[in-house]
Amino acid sequence: MKTIIKLLIIAGAATATYAKAPASATAENLINAQRVSNINVANISPSDSIWRNAKSAAVVLYPQATIKLNDAKANAANKDNKAIVAQVSAVYNNSAVAFKISWSDPTQSVQSGNVSDVYPDGFAMQVPVSFSDPKKLPYIGMGSEGRPVLVHLTKATSVHYEPNGNGDVEHQVSPHNTHAFGDDLKNYHDKVNKLGKQAYTRSFVSEGFRSMTELKDGSDKFGMKMTYDAANKRWTGVVAKQLKDSAADLSKYGALPVSFAIWDGTKYNRGGVKSLSTWLAVKLQGKAGGDALVKELTAKPIGDAKAGQAQVEAMCASCHTLSPAKQAASPFMAPSLKNIGGYSTNAYLAESIKDPNAVVVAGYNRNAHKGFAWYNVDAKTGKRTSTMPPMMSDDKSINDAVAYLKTLKVEVAK
């Protein structure tokens, strides 16, 4: 399927050892959010008492593998990536929802302000701005045209000073470029720490690759933090968001779709080089509604995967890479589908097969096959249309193809 141009155009990790993820690890993509009395969005912390009775669910995040990168080091470092299992808890009240995510990472990668070749560990949570049809959720990872998402991102960074608009340039220089020694140097460091920022925390709105825009007007009310447990070699991150603010109104829903992403700085992860979950159903316990969303996101494929494999290999393998062992096409001919079963929903895959123009994500790898553009752009309207034609129209064929595509994912790391 010359598809899924739509599919995950943000670049990602390459090949990995193949096997099905254990069914127990997926937890059916359902997270139950417990009701609590209070959530401090501005100062959310992993040690908050609100997490005391929250039950965690296992969530699997798969390495993105849509596009081969223009970074030999990153390609080599991510060549044999496996899926990551994270533990996620959720709580909510009438005004906010909060998530706690914990995952294993043998190395702590922290970015400082004086180097350019070190990448930090980090995580993000994504939620649609609005959603009424659970079969038409945004493109996973970056949103899609007409289906915007909010992305909340934090990275592990050292204390750094940023201009604060007060005309203070004294504390923007390296301590080595000052004339401070002894107590004067200590006072200088104390001042930098007081003025500086210890966390990189940002909020973005996005409707497709290359459209991500930072929200700087305070319209998105949220808080994030991440801490590293060196003894157990695990990160724990928390994110809290008001259910209703100027950026989105999520207060009317009884269940929410969310997705998580994790970056590993040791493997040169940044941007689209990361591990990503599918859309997960977060049921707000005790609140009515959301049943259709939960049902959609926890449903198993209903087709015949074996029959679907024959169809997909016959119709799609000339353009798409299906697995490391079945790479007949150039890696730049079309988006790779090597991990598509890990982070795409049943409905998204079905829509991509039946109507490739439903979601066309802008931008693709500069090495894309010169003789085969992934989409065309109307010079007058700017509208993008996929060069992939509709591949199947009958429900049985589509269901079979989806069942097979959902098997394309790496094994879970032990």
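User: What is the relative accessible area of R35?

Analyst: This is a predicted model, in which local features need pLDDT of at least 70, side-chain atom pairs count only at pLDDT 80 or more, and totals for chains, interfaces and linings use all residues. Numbering starts from 1 along each chain as its sequence is written, and side-chain values use heavy atoms, leaving out hydrogens and water. Buried means under 20% relative accessible area, exposed means over 50%, and partly exposed is in between (1.4 Å probe, protein chains only). R35 counts as partly exposed because its relative accessible area is 44%.

User: Which residues does the side chain of R35 reach through polar contacts with their side chains?

Analyst: R35 lies in strand 1; strands (E, at least two residues) and helices (H or I, at least four) are DSSP runs numbered from the N terminus. Leaving aside residues up to four places away in sequence, R35 touches Y92, N94 and Q285, where a contact means heavy atoms within 4.5 Å. A polar contact is a pair of N or O atoms within 3.5 Å; within protein, one must be able to donate a hydrogen and the other to accept it, and residues adjacent in sequence count only if both atoms are side-chain atoms. At 3.1 Å and 3.1 Å, the two side-chain partners of R35 are Y92 and N94.

User: Which residue of strand 13 stands opposite V258?

Analyst: Strand 13 also pairs with strand 11 (residues 255-263), in the antiparallel sense and over 4 bridges. Across from V258, the residue in strand 13 is L280.

User: How many residues of strand 13 are buried?

Analyst: Strand 13 has both faces covered. L280, V282 and L284 are buried on one side, and A281 and K283 are buried on the other. Strand 13 (residues 280-284) is largely enclosed by the rest of the structure, because the number of its residues that are buried is 5 of the 5.

User: Which residue in the turn between strand 9 and strand 10 has a positive phi?

Analyst: Strand 9 (residues 222-229) and strand 10 (residues 234-242) pair in the antiparallel sense over 8 bridges, with M226 opposite G237. They form a hairpin with 4 residues between them. The residue with a positive phi of about 55 degrees is not a glycine; in this turn it is K233.

User: What is the phi of Y268?

Analyst: Y268 sits in the loop between strand 11 and strand 12 (275-276). Its relative accessible area is 26%, so Y268 is partly exposed. Although Y268 is not a glycine, its phi is positive, at about 60 degrees.

User: Which helices do the buried residues of helix 7 pack against?

Analyst: In helix 7 (residues 346-354), 7 of the 9 residues are buried, so this helix is largely enclosed by the rest of the structure. The buried ones are N346, A347, Y348, L349, E351, S352 and I353. They pack against helix 4 (291-298), helix 6 (340-343) and helix 8.

User: At what distance does the side chain of S352 reach the backbone oxygen of Y348?

Analyst: S352 lies in helix 7 and is buried, because its relative accessible area is 0%. An α-helix has 3.6 residues a turn, so residues three or four places apart point the same way. The side chain of S352 reaches the backbone oxygen of Y348 at 2.8 Å.

User: At roughly what angle do the axes of helix 5 and helix 8 cross?

Analyst: Axes are lines fitted to C-alpha atoms, for helices over the stretch in contact, and angles run from 0 to 180 degrees between N-to-C directions. Angles under 35 degrees count as roughly parallel, over 145 as roughly antiparallel, 65 to 115 as roughly perpendicular and the rest as oblique. Helix 5 and helix 8 are therefore roughly perpendicular to each other. The axes of helix 5 (residues 305-315) and helix 8 (residues 395-405) come within 7 Å and cross at roughly 95 degrees.

Conventions
Two strands pair if DSSP finds at least two bridges between them.
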